[in-house]
Amino acid sequence: MKAARFPAWGADPVVDEVPEPVRGDGEVLVDIQAAAVAHLDVTVASGTFGLKPRLPYIGGVEGAGIVVACDEDSGLEPGCQVMLRGGGLGLKRDGTWTERASVPAKAVTRLAAPLAPEVAATFFVPATTAFVTLHDVAKLGADEEVIVVGAAGAVGAMVAQQARLAGAKVTGVVGRAEQLADVPDGVVGVCLDSAEDTERLARDRPASLLVDTLGGDGLITRSRWVRPGGRAAVIGYVTGAEAKVDLPSWLLDDVALLPVNMIRREREAREACGDLIKKLSEGELEVRVQRYRLADAGAALADLKAGRVRGRAVLVP
């Protein structure tokens, strides 16, 4: 069978012929239908991460497929659709960028409702991050006004959709005008390049909650779009890992900065998963995906690093 493997640290993945997997005790043999390409894959492949599979290794920390064989007491059966995540996949052992894989049972989650394979492979991080941010961290209430910064990205778009489902009025902020087309339906789009729009947000301070996926130097300025007594939940730092806080001004602004640490929130994410799957299956939520062939894994990684992926990148074997 074919698999996309990294031959060396920092190298592009190469599609190789590899042996068929042999299912071990406590493992599940899965036909891979789709495999996500994630920022964690980029980090692991660099060779600088604390976890390193043995070279050459098959990439992919997330995926989805159909069970071929499993233990009788696994709660699964051949033919059921599953999500693959955890169990060291793509971190301590070969991952999901392959046609078939035998994986630890703890890395397998049976889907509560059917999903398109590309969605099943990619929904977990954006959907659960959005849910935890809004409901567990920010404690979103009724009739709030929410500003989502990075609303065209996979996580930001999901935050915007879930905030709308919860009854909030949502403004989605993007970095470039062409990204306005990727802001979810029902969300008011604003571009950071529009001085008129950003000045209005700074003047009116309309939001009770800001959800920021960009970070960087602009974070504190954007937090001032929130009315006093509000809060700003910080998910990411794609535009910079540092933000300078002038304490007297921050105290005067009276906006709480809330960190979203999904490593600590894995339990809440798993608990929310079933309901999110049903909403995705019924069309209440949508994950945008950009498809690549297995042979184009290197191109997918390059597009991800360059910020050219619309939504989430996914390999289809």
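**Helix α8 and the cysteines**

Helix α8 covers residues 266-281, 16 residues in total. From its first C-alpha to its last it reaches 22 Å, close to the 22 Å expected at 1.5 Å a residue. The model is predicted. Cysteine 273 marks a bend in α8, and the disulfide count is zero.

**Shape of α8**

- At cysteine 273, α8 bends by about 40 degrees.
- Just after α8 comes glycine 283, with a positive phi of about 85 degrees.

**Buried side of α8**

- The buried residues of α8 are Glu268, Ala269, Ala272, Cys273, Leu276, Ile277 and Leu280.
- An α-helix has 3.6 residues a turn, so residues three or four places apart point the same way.

**Cysteines without disulfides**

- A disulfide is a covalent bond between the sulfur atoms of two cysteines.
- To count here, two cysteine sulfur atoms must lie within 2.5 Å. By this rule there are zero disulfides.
- Cysteine 70 is in no disulfide. The nearest cysteine sulfur is that of cysteine 80, 6.6 Å away.
- Cysteine 70 counts as buried because its relative accessibility is 15%, and the cut-off for buried is under 20%.

Methods. Residues are numbered from 1 along each chain as its sequence is written. This is a predicted model: local features need pLDDT of at least 70, side-chain atom pairs count only at pLDDT 80 or more; totals for chains, interfaces and linings use all residues. Side-chain values use heavy atoms; hydrogens and water are left out. Buried means under 20% relative accessible area, exposed over 50%, partly exposed in between (1.4 Å probe, protein chains only). Helices (H or I, at least four residues) and strands (E, at least two) are DSSP runs, numbered from the N terminus. The expected span of a helix is 1.5 Å times one less than its number of residues. The bend at a residue is the angle between axes fitted to the seven residues ending there and the seven starting there.
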